[in-house]
Amino acid sequence: MKPTIYNVAEKAGVSISTVSKVMNNQPVRKETKQKVLEAAKELNYKPSILASALTGKRTSTIGFLAPDISNPSIAEMARAVEDFALEHGFNLVICSTDFKSEKEDSYVSLLRQKRVDGLILAGGFRNRGIISELIKEAVPVILLSEYYPASSVSY
């Protein structure tokens, strides 16, 4: 079974809040930090991205929705976005919507549930209502190869 923050805390002889502080690079005594890091390494502990997201922290994940990832232009765009994201500490989840509104809805819903930090919508996005919703909810959205007049967004 996957080790938890509780297992690390028990092994290091500290509280879970101390483990959390160490994992989030917050100030703790040097000796305490060393004990926690050693326990985490020994247990092969990896913090849960989803658990972090539930506490309001970033997931360092961006969703990239494209109509057809096999299109060479879109593939090249996706590769450039992925490279840029990785350089800046983000992971990219790529979804191909096949120009279908229902797939757009489904992927946006899935990515929101996974608490991605933002979405990139690459050309051909059909469901303008979703874009308006995302903007209203202050979800960072980038439109690539799209025109979306600001006047059509209701705040």
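What covers the buried residues of helix 1? The covering elements include helix 2 and helix 3 (30–43). Here, buried means under 20% relative accessible area, exposed over 50% and partly exposed in between, with a 1.4 Å probe and protein chains only. Helices (H or I, at least four residues) and strands (E, at least two) are DSSP runs numbered from the N terminus.

This is a predicted model, in which local features need pLDDT of at least 70 and side-chain atom pairs count only at pLDDT 80 or more, while totals for chains, interfaces and linings use all residues. Residues are numbered from 1 along each chain as its sequence is written, and side-chain values use heavy atoms, with hydrogens and water left out.

In helix 1, the residues Val-8, Ala-9 and Ala-12 are buried. Seen down the axis of helix 1, the buried residues fall within an arc of 100 degrees (taken from the directions from the helix axis to the C-beta atoms), so they line one face of the helix. The face turned away from this buried side carries the exposed residues Tyr-6 and Glu-10. Gly-13, with a positive phi near 70 degrees, follows helix 1.

Contact means heavy atoms within 4.5 Å. Axes are lines fitted to C-alpha atoms, for helices over the stretch in contact, and angles run from 0 to 180 degrees between N-to-C directions.

| Feature of the helix 1 and helix 2 pair | Value |
|---|---|
| Helix 1 | residues 5–12 |
| Helix 2 | residues 16–23 |
| Approach of the axes | within 8 Å |
| Crossing angle | roughly 105 degrees |

Helix 1 and helix 2 are therefore roughly perpendicular to each other, a term for angles of 65 to 115 degrees. In this pair, Ile-5, Tyr-6, Val-8 and Ala-9 of helix 1 meet Ile-16, Val-19 and Ser-20 of helix 2.

**The largest nonpolar core**

A nonpolar core is a set of buried Ala, Val, Leu, Ile, Met, Phe, Trp, Tyr and Cys residues joined through side-chain atoms within 4.5 Å. The largest such core has 12 residues in all, among them Leu-65, Cys-95, Val-108, Phe-125 and Val-139. Helix 6 (101–113), strand 3 (118–122) and helix 7 (128–136) each supply at least two residues of this core, and the largest share, 3 residues, comes from helix 7. Not counting residues up to four places away in sequence, Val-108 touches Leu-65, Leu-119, Phe-125, Ile-130 and Leu-134.

**Glu-104**

Glu-104 lies in helix 6 and, at 0% relative accessibility, counts as buried. Glu-104 and Phe-125 are 21 residues apart in sequence and 7.5 Å apart in space, C-alpha to C-alpha.

Notes:
Angles under 35 degrees count as roughly parallel, over 145 as roughly antiparallel, 65 to 115 as roughly perpendicular and the rest as oblique.
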